[in-house]
2 protein chains.
Amino acid sequence: MTLSDVANRAGTSVATASKALNSRAEVAPETRERVLRAAAELSFQPNVLARGLISGRTRTVGLLTDELGGRFAIPILLGAENALGNGQMSVLLCDARGDAIRRQHYIRTLLARQVDGFIVVGDSNDVRPSLTQDIPVPVVYAYAESTDPNDLSIVADDEGGARLAAEHLVSHGRRRIGHITGPDTYRAARDRAAGLRTVLAEAGLTPAGDPLYGEWSQRWGRHAARLLLAARPDVDAIFCGNDQVAAGAADTLRDLGRRIPDDVAIVGYDNWEFFAADCRPPLTTVDLNLEQLGAAAVNHLFAAMDGNAGSGVIRQPGRLVVRESTGPVLHH
Amino acid sequence: MTLSDVANRAGTSVATASKALNSRAEVAPETRERVLRAAAELSFQPNVLARGLISGRTRTVGLLTDELGGRFAIPILLGAENALGNGQMSVLLCDARGDAIRRQHYIRTLLARQVDGFIVVGDSNDVRPSLTQDIPVPVVYAYAESTDPNDLSIVADDEGGARLAAEHLVSHGRRRIGHITGPDTYRAARDRAAGLRTVLAEAGLTPAGDPLYGEWSQRWGRHAARLLLAARPDVDAIFCGNDQVAAGAADTLRDLGRRIPDDVAIVGYDNWEFFAADCRPPLTTVDLNLEQLGAAAVNHLFAAMDGNAGSGVIRQPGRLVVRESTGPVLHH
DNA sequence: GTCCTCTCCGAAAACCGTTTCAAAGCGGGG
DNA sequence: CCCCGCTTTGAAACGGTTTTCGGAGAGGAC
């Protein structure tokens, strides 16, 4: 991408190419055109180092994630990459795989490459140690909340999402609503349970038993649904902590002859299409809007790079996706 | 972030700072310490351009994908990122979302950033147009086969993987083996069917009906299994084109009272843990070894960057993952 | 043919950040 | 006081790219 490459491609000398690109006189229009075209084709950019302009934004941001294999980082990454592309920026991707040493190594690597900013993508929407003191460029935390309140964190609003789901169930006439979810070590699980609890309290309802905390698997969903039905045979809705659990619960309900949604409605969480849309019946669920979350992270990073750094925690609202598992509206 | 900044901050001269950072002698321990601290504080990184290393190596490769949202690109990316990290390189990620204009834009962007090479990650292990003529640096195609035989493509060996699955079923005494898979527009579906056909022919068996081509969904797996059982009530094994289809087929078998694996064995494909391991029963399936595929792509890219460019198609073998859906060995 | 203008080129110069080199400071011991 | 080793430094060297400058061709007008 050096000037001589451009000159070479344009079939001209370096000197002429330089003049053409700097809009100086003494270069024939046809030649200038040729040089400009060659420069465009090679997406040539004058080497800033040679001039005085070193304050060179590399227009690259580092994206540091911990669980790229999981299913949350990807939509965030897609949203971020899209937003960055609109700003003509690129993303350098690093997956620390949850290892602190690896993470420090990647931070150094990215800094060596002079990224203009960092997006730290969490894996569980939970609190995580701030990395900002190690990083002299702007940082935004996405799907994670930094321990340092001066950092800017953008998290999914689990409590709000759960409220959407619970309100949907309540407004459809469900009155005895159980909750099956993942490990209570996950803040997401606790927040979702809290959202449900709040809505039920507001509606004057009592939960059908305590939330069943277990794991984020279909297997647990199947097992817990049996437990729930045994303890509370009259439940008319189950709000599940994610779609896998919901798919498992739906399995058990069918095995036990309960009709969905006629006898029992089910709501999942995450809107993981492979499970939610292909379930029997397709699941009503809450979409985390992770792509918007990623895009929001980028926009806040841009603002920080322009000197308008924010701080605190921003909650990205979810979105209820209604499918057949909650059935038509019930009047009561 | 220049050396003089560091020297300034350390209260020393540029020359001394240089020696301190390069671990040369003739610098007092106390001074060296001061310089190192200043460098760390400024996260200084020597400007590579000034050394002899300029020969264009930015130690960055561009990874161009089409369907990051799909589940195949990610493991490849992880494998590649891991292999690159070992070589102290980084990956610039771009997702063209299947759009040709977007793809060209990203190619230009990545070239402008002087990536040392490209990895083009496909979304379906199928043939795709070569991009090499647009790219003046080495290119390796992963999970895709370039139309240009002079390019180097690394694909998953679908036929070989299907043979592993089929041989497993045959060696466990299954004799009436049906096949349910995705659309026959997918080469993966056709290759997997071909692998099964070959093994059955070698074993002197006839397939239980023609392969049922449909879609890659659980829903189709459920539906097709009903069709298969109606047409061939005596099938004792179903090889499914992927794990979702297999999970759907397992659903139907349970609904119809067939025991898995006692009456009918099931084998999936892809080893998508969420479906395969959490199925009832857990699925025997074929793992594509996508991480190795990504790592292999990187290694071939390194070779190409060193001037040893390869060409042709390399088939990355799969790996059989045995779970309960094919049961214990049957003696016959 | 000669002159003039316009265009382009090769070589040299300028710029930048880093490294190297030779010389200068500095303190202590003889 | 002088010598000597250690440390530091300013200036020059280096490798890289871009810009500048004088000159060389080409083509037309007279």
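Biologist: Hello! What should I know about the numbering and the model before we start?
Modeller: Residues count from 1 along each chain as its sequence is written, chains are lettered from A and ligands numbered from 1 in the order written, and side-chain values use heavy atoms, leaving out hydrogens and water. This is a predicted model, where local features need pLDDT of at least 70 and side-chain atom pairs count only at pLDDT 80 or more, while totals for chains, interfaces and linings use all residues.

Biologist: How much area do chain B and chain A bury between them?
Modeller: The size of an interface is often given as the accessible area lost when the parts come together. Buried area here is what two parts lose on being put together, with a 1.4 Å probe, summed over both. The contact (heavy atoms within 4.5 Å) takes 52 residues from chain A and 50 residues from chain B. With 46% of it on carbon and sulfur atoms, the buried area is about 4200 Å².

Biologist: How many salt bridges are there between chain B and chain A?
Modeller: A salt bridge puts a side-chain nitrogen of Lys or Arg within 4 Å of a carboxyl oxygen of Asp or Glu. Glu81(B) and Arg97(A) form one, at 3.3 Å from N to O. The count between the two chains is eight.

Biologist: Which strand of chain B pairs with strand 2 of chain A?
Modeller: Strands are DSSP runs of E, at least two residues long, numbered from the N terminus, and two of them pair if DSSP finds at least two bridges between them. Leu93(A) stands opposite Val91(B). Three bridges join strand 2 (residues 90-95) of chain A, running antiparallel, to its partner, strand 2 of chain B.

Biologist: Why is strand 8 of chain A described as largely enclosed?
Modeller: Both faces are covered, with Ile177(A), His179(A) and Thr181(A) on one side and Gly178(A) and Ile180(A) on the other. Buried means under 20% relative accessible area, exposed over 50% and partly exposed in between (1.4 Å probe, protein chains only). Strand 8 (residues 177-181) is largely enclosed by the rest of the structure because its buried residues number five of the five.

Biologist: Which residue of strand 10 of chain A is the bridge partner of His179(A)?
Modeller: Strand 8 of chain A also pairs with strand 9 (residues 212-213) in the parallel sense over two bridges, where Ile180(A) partners Leu212(A). Four bridges join strand 8 to strand 10 (residues 237-240), and these run parallel. In strand 10, the partner of His179(A) is Phe239(A).
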